[in-house]
Amino acid sequence: MSSLEETDEKGYGKLLDTYGNEFELPDFTVNDIRNAIPKRCFERSGLRGLGYVARDIASLATTFFLFNRFVTPETIPSTPIRAALWALYTIIQGLFGTGLWVLAHECGHQSFSPSKILNDTTGWICHSALLVPYFSWKISHGKHHKATGHMDRDMVFVPKTREVYASRIGKLIHEIDELTEETPIATLIHSVGQQLLGWPFYLFANVTGHDKHEHQHEGRGKGKVNGFFTGVNHFNPSSPLYEAKDAKLILLSDLGLAITISVLTMLCRTYGFSNMAVWYFAPYLWVNHWLVAITFLQHTDPTLPHYTAESWNYVRGAAATIDREFGFIGRTLLHGIIETHVLHHYVSTIPFYHADEASEAIKPVMGRHYRADVKGGSIGFLKSMWTSARWCQWVEPSEGAIGEGKGVLFFRNRNGLGTKPLKLKEGKPAAGGAKMAMVVGADD
């Protein structure tokens, strides 16, 4: 049998990721995954979870004490050296703060302990202290897990389609494959903006989340689009991101933020904004940076597919994630959230301290569908931010896709990297806009 016949028998044609590797749709089930995991991996301990919370809070407090006690003009007269050390302080506290953020994330998934009350109380306190609306994020994040890789329903880092990318730069879709390379400085500016503003923009305007709010079953999404003044955010009980039953939890999240903001305001008045900028706000920006970087790299890679509604299912979406390696920082300070993310999307109630064992257990089941990029360790993780930014600009179908394969989308770019974008013939634009129909592969 020829390779063409084999491809046709699959029913989806020949699919190529951005690196040019042939892609096959996953053929296992969620039960296959769960049955492969040892039962002990599902055991949760509230006491153990609280121990890690205590460790992270103690690390934050100890670092604060040591720097305020010893990094002073009396002990270190050199201003440049003191400035460098306080800059290091913000980085260290940012890592410890991110670790605490991850533990609150565990609470949101109920993997922290068997007690929902303990989970949500701990998560609400820890996330509120980091200016995160705990329940609001928990609900939208849960929807992300239920629709990972779904172009119309995923809640975070939904990639641009070719049409959207073209419209953003004022081009027609058939002109995309003819564009010159994006300058590295433009990529750098976009990446810095993403890392600095990505998290608050997501909370306030649902940036990178789906923009198909008309599907909200209560009708509260009619006429709503992502934006800063459209009501689509993580603070409004009437937001189409939520249902009416969630209103009290959204308000409770807002209350947590109000308490933290009140405390921060009082501390700024007592100790001065300049001190608070170093003690809290700069580390807070580092926490945001790591949160965005981790999430971006979990779901953005040249090997990963995304799916239209017609081709998506839960197993395929959960497999559209990737594990990476961040060494001691990732495995110890950040509680393994980078190294075991694929498992997390199949069984999110497994606590992080069992995730390595469970990840090893599911790899034989997933086979070639398990994805990891661990080259270069921690440095490789940081480099992958640039790689993904340059290689992953929009998604489109593969040239050889047929049937449901037309709904399996892969990243492409204008930088001459990897699989080339489809060459489309110029046609008549759709009425009222620059969009044009994209025909891919043979007819069904």
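The model is predicted, with local features needing pLDDT of at least 70 and side-chain atom pairs pLDDT 80 or more, whereas totals for chains, interfaces and linings use all residues. Residues are numbered from 1 along each chain as its sequence is written, and side-chain values use heavy atoms, leaving out hydrogens and water.

Me: Where in helix 10 does a kink lie?
Reply: The kink, of about 35 degrees, lies at Trp279, shortly before the proline Pro283. The bend at a residue is the angle between axes fitted to the seven residues ending there and the seven starting there.

Me: How is the packing of helix 4 (residues 79-108) and helix 6 (residues 134-146) described, and at what angle do they pack?
Reply: Two packed helices are described by the angle and the distance between their axes. Axes are lines fitted to C-alpha atoms, for helices over the stretch in contact, and angles run from 0 to 180 degrees between N-to-C directions. For helix 4 and helix 6 the angle is about 65 degrees and the axes are 10 Å apart.

Me: Which residues make the contact of helix 4 with helix 6?
Reply: Contact means heavy atoms within 4.5 Å. Helix 4 contributes Trp101, Ala104, His105, Cys107 and Gly108, and helix 6 contributes Tyr134, Trp137, Lys138 and His141.

Me: What makes strand 1 (residues 13-16) and strand 2 a pair?
Reply: Two strands pair if DSSP finds at least two bridges between them. Strand 1 and strand 2 have two bridges, in the antiparallel sense, and therefore count as paired. Leu16 stands opposite Glu22, and Leu15 has Phe23 as its bridge partner. The two strands form a hairpin with five residues between them, and Gly20 in the turn has a positive phi of about 95 degrees.

Me: Why are strand 2 (22-23) and strand 7 (400-401) called edge strands?
Reply: Three strands form an open, antiparallel sheet in the order 2-1-7. Strand 2 and strand 7 each pair on one side only. Strand 1 is joined to strand 7 by two bridges, and Lys14 stands opposite Gly400.

Me: How many bridges join strand 3 to strand 8 (residues 408-412)?
Reply: Three bridges join these antiparallel strands, with Pro305 opposite Phe410. The strands belong to an open sheet in the order 3-8-6.

Technical notes. Helices (H or I, at least four residues) and strands (E, at least two) are DSSP runs, numbered from the N terminus.
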